[in-house]
Amino acid sequence: MPLWQELPLLLIVAFCLAVLIRTFLLQAFFIPSSSMETTLLINDRVLVNKIVYDVREPTRGEVVVFRGPDTWASEERAPQSDGFIARMSRTVGELVGFGQPGEKDFIKRVIGLPGDTVACCDIGGNVTVNSVPLDESAYLPEERNSPRDVPAVAGQCGSRTFAPVTVGPGEIFVMGDHRRVSQDSRCQGPVPIANVIGRAFVIVWPSDRWNGLPVPEQLAKQPKTNAIGELMPIPANAYLPDAFALTGPFVASLHASARSRRRRSLRPRTLLE
């Protein structure tokens, strides 16, 4: 085909592929607020794996994007331009997965899992999970933590102190890394796992901020519980990389196909006349 015919066709195909990938596999999200500083800054773009939780449950310490329950209030966000070009760019970006998330889309860190009891604070001012203090020094500097001398107020996250919350089955307890400004499960309650869109696993923009979002080692060592709150050991394969979620079903299908071929090779063959 001539270039003038081939180029528009390629652009249409590329656009359709981007929409499909954004819908089912990966999506880039724009960070509109400061609730995850300094891990994530305003205007960062993160890549979100949308299928990882189809093969496993969320893990403590992961950064997740989710739709806030109806009881959650929207966070304050940085203002955006209302010009025609800016609006058009946002519309196209939303189609291919680079637009700003909706007003009820949030990004937080998983702190409590089903069966956990989360509270604050212990004598050292730490959040505790099942009475065991969390070491959050890897992502939570003291200057971004909530003050301890502010009394707790129902429905507000201004204080570091909050009453114990037992996470129900099918729910997670999430908190922002910038506790002074984040509105999260401390005052708005746990989030249904069904509301989780996916796991944010890498910062892709701006280029000088390119970095992964791994589970902090301190949280990876925190013991888990089952749905009724009993402590249980962490399985050796609990922290499989996200790439397994993308390749696991494909590998499993190849394995099943190979087994099927081996079974057929052992069957007696009938010669055709």
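The link of Cys120 and Cys121 is right-handed, with 80° about the S-S bond. This is a predicted model, so keep that in mind throughout. The sulfur atoms of Cys120 and Cys121 sit 2.1 Å apart.

Are these two cysteines buried or exposed? Cys120 has 5% relative accessibility, and because buried means under 20%, Cys120 counts as buried. Cys121 has 29%, so Cys121 counts as partly exposed.

How many disulfides does a search of the whole structure find? Two. A quick reminder: a disulfide is a covalent bond between the sulfur atoms of two cysteines.

The other link I want to show joins Cys157 to Cys187, S to S 1.9 Å. The torsion about its S-S bond is about -95°, so this disulfide is left-handed. Cys157 lies in the loop between β7 (132-133) and β8 (162-166), and Cys187 lies in helix α4 (residues 185-188), so the pair ties together parts that are 30 residues apart in sequence. Cys157 is buried, at 2% relative accessible area. Cys187 is buried too, at 18%.

In sequence order, the bonded cysteines pair 1-2, 3-4.

Now step back to the whole chain. The protein chain has six helices and 14 strands. Of its 273 residues, 40% are buried. Take contacts between residues at least 6 apart in sequence: 70% of them join residues at least 24 apart. The chain exposes about 15,600 Å², and carbon and sulfur atoms supply 61% of that.

That's my tour. Over to you.

Methods. Residues are numbered from 1 along each chain as its sequence is written. This is a predicted model: local features need pLDDT of at least 70, side-chain atom pairs count only at pLDDT 80 or more; totals for chains, interfaces and linings use all residues. Side-chain values use heavy atoms; hydrogens and water are left out. Helices (H or I, at least four residues) and strands (E, at least two) are DSSP runs, numbered from the N terminus. Buried means under 20% relative accessible area, exposed over 50%, partly exposed in between (1.4 Å probe, protein chains only). Contact means heavy atoms within 4.5 Å. Accessible areas come from the Shrake-Rupley method with a 1.4 Å probe; for residues, only the protein chains shown count as cover. A disulfide is a pair of cysteine sulfur atoms within 2.5 Å.
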